[in-house]
Amino acid sequence: MEQFDENELLEELAAQFPIKRRKPGGVTAQELADKIGSMSAARRILKMQMDQGELYFEEVIENGHPMKVWYKRIS
């Protein structure tokens, strides 16, 4: 079995999982929670609107961390 050093392993993983960048117009659960004052309410709102087909999410990497960004569906 081939041995990788840390940089080679990171390069190999990056090649298999391309980084998606955040598009304009999206919101994270934390950003919504900051506006309305409650993380649980923010998650509840996002889930309800996704279940109704009004929102969708994409997983992106921002500041080195994976996160979900929610966007309005265009009909």
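The turns below ask about a hairpin, a pocket and some ring contacts in a predicted model.

Biologist: What should I know about the numbering and the cut-offs of this predicted model?
Modeller: Residues are numbered from 1 along each chain as its sequence is written, and side-chain values use heavy atoms, with hydrogens and water left out. Because the model is predicted, local features need pLDDT of at least 70, while totals for chains, interfaces and linings use all residues, and side-chain atom pairs count only at pLDDT 80 or more.

Biologist: How many bridges join strand β1 to strand β2?
Modeller: Strands are DSSP runs of E with at least two residues, helices are runs of H or I with at least four, and both are numbered from the N terminus; two strands pair if DSSP finds at least two bridges between them. Strand β1 covers residues 55–62 and strand β2 residues 65–72, and these run antiparallel, joined by eight bridges.

Biologist: Which residue of the hairpin takes a positive phi?
Modeller: E62 stands opposite H65 in β2. The hairpin of β1 and β2 has two residues between the strands, and the positive phi, near 55°, belongs to N63.

Biologist: Which element supplies the largest share of the lining of the largest pocket?
Modeller: A pocket is an open set of points on a 1 Å grid over the protein atoms alone, where a 1.4 Å probe fits, with protein on both sides within 12 Å along at least five of seven lines, and lining residues have an atom within 4 Å of a point. The lining includes M39, R43, E62, K68 and W70, and at least two residues come from each of α2 (29–36), α3 (39–51) and β2. The largest share, four residues, comes from α3.

Biologist: Is W70 buried or exposed?
Modeller: Buried means under 20% relative accessible area, exposed over 50%, and partly exposed in between, with a 1.4 Å probe and protein chains only. F57 has 30% relative accessibility and so counts as partly exposed. W70 has a relative accessible area of 11%, so W70 is buried.

Biologist: Which residue lies over the face of F57?
Modeller: A charge sits over a ring if NZ of Lys or CZ of Arg is within 6 Å of the ring centre and within 35 degrees of the ring normal. The charged end of K23 sits over the ring of Y71, 4.9 Å from its centre. Over the face of F57, at 4.4 Å from the ring centre, lies K68.
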